[in-house]
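Here's a quick walk through one protein chain. Take a look at the model first, then read on.

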Amino acid sequence: MTEGMDKKSRKAKNAIAKEPVFLVKRASKLGGLDYLHVALIALVIVLIALAFSLANFKSVIVCQYGISSNSTCITPKYNQSQVLQAAGKVLANYQYVNSSLSILTYYSYLNKSKVSYQPSTNTWSVIVPYKDPFTNSTLNVSMEFYDSNLSLETPFIQMVKPKSVTNNYVVAQGVVAISDKTTCVSNTPEPVYLITDPYAPGAIHSILQAINISKNYPNKINMSYKFVFSGYSISNYKQYGEKQTQLLGAYLACGSVQKEFPQFMDTLQATYNGIPLPNDTLYSMAQASGFNMSAFGTCMANVPSKLIGQEQLASFYNVTFTPIYIANCKYEAIPSTANELVNYSLNSLKS
């Protein structure tokens, strides 16, 4: 019987051991609340504080050029694109400066310029890199413009201002857009003019270059040659006379429309020494080159009016020095940037 009682006692103890045990601690230091309720109250307080902060939050003004005295953003009158175009106009007009600074027009990299606004002086700063063709090094042109009217304040140190600023402007390295001129009515193939005085330094080389450019862009450009008599020709009048001096221009004007013109230029290059050539010599060159002498003779009979028309064309484009290229009736360049001119003009037609 005792043994039976022991078994019941052990079962009772085992049953008690399997029941869960709950420990309840006093929370007298937390105002009688347990930790869960305290955490919930704290969360509610944080949410209320956050809602209050959002209700009183003021947006932060971000100004690119700073804040004015009346707490508004400083806003310049012009934008970077307009300032860059103003810089292009200044560069374009250095071609009229009678010094080595004229290279700036055709050797500047306007598309790589750095443009910044100075709120303290209300001016724009433009730094334009350019290539020095004599040293093959890259230098910088610095210009300051007033934001009020984009007039030029100061070019970089030891650089003179151009005498005047036209609306011509540099559009790409070595390419100038001529103001108030539109693209040609017919631009397929694209018209390209080489305008030169026959006696200008580099004139013969430029004509040969133009012939090669025509070969490199078959069916894309239509190269034509315009001859004018500027100071280089006039300097020969006293010794050789006006008629003999201008004879070379006449032969070039009529010869340039013949398909054998490249052969004529090769022969001329081998003979020409920078002074006017007699008619007999030029005529023999024309025959040896394979010209259609009948068509050539007709052209020579009317060449005075032809040359006047070419002179008027040069005047229309305000040509002040030669040789110079005009592409698509709107863009100009010097011989060293002629390829850039043709590429830019052709790409502008595509766009």
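## Two helices side by side

In this predicted model, Ile204, Ile207, Leu208 and Ile211 of helix 5 meet a set of residues in helix 9: Phe261, Pro262, Met265, Asp266, Leu268 and Gln269. Helix 5 covers residues 203–216 and helix 9 covers residues 261–271.

How do the two run relative to each other? Their axes come within 10 Å and cross at roughly 150°. As for handedness, helix 5 passes helix 9 in a left-handed crossing.

## A look at Asn168

Now over to a loop. Asn168 sits between strand 4 (152–155) and strand 5 (169–172). Is Asn168 buried or exposed? It's buried, because its relative accessible area is 6% and the cut-off for buried is under 20%.

What's around Asn168? Setting aside neighbours within four places in sequence, Asn168 is in contact with Gly88, Lys89, Ala92, Asn93, Gln95 and Tyr96, and also with Val176, Ala177, Ile178 and Ser179. With Ser179 there's a polar pairing too: a polar atom of the Asn168 side chain lies 2.7 Å from the backbone nitrogen of Ser179.

## The chain overall

Zooming out, the protein chain has 13 helices and 10 strands. It runs to 351 residues, and 39% of them count as buried. Its accessible surface comes to about 20900 Å², with 56% of that belonging to carbon and sulfur atoms.

Then there's the contact pattern. Take the contacts between residues at least 6 apart in sequence: 63% of them join residues at least 24 apart.

How values were computed
Residues numbered from 1 in each chain as written. Predicted model: local features only at pLDDT ≥ 70, side-chain atom pairs only at ≥ 80, totals over all residues. Heavy atoms only, no water. Helix = DSSP H or I, 4+ residues; strand = E, 2+ residues; numbered from the N terminus. Buried < 20%, exposed > 50% of the residue type's maximum accessible area, 1.4 Å probe, protein only. Polar contact = N/O pair within 3.5 Å; in protein donor to acceptor, adjacent residues only side chain to side chain. Contact = heavy atoms within 4.5 Å. Areas by Shrake-Rupley, 256 points an atom, 1.4 Å probe, with all protein chains shown as cover. Axes fitted to C-alpha atoms, helices over the stretch in contact; angles between N-to-C directions. Left-handed = near helix turned anticlockwise from the far one by under 90°.
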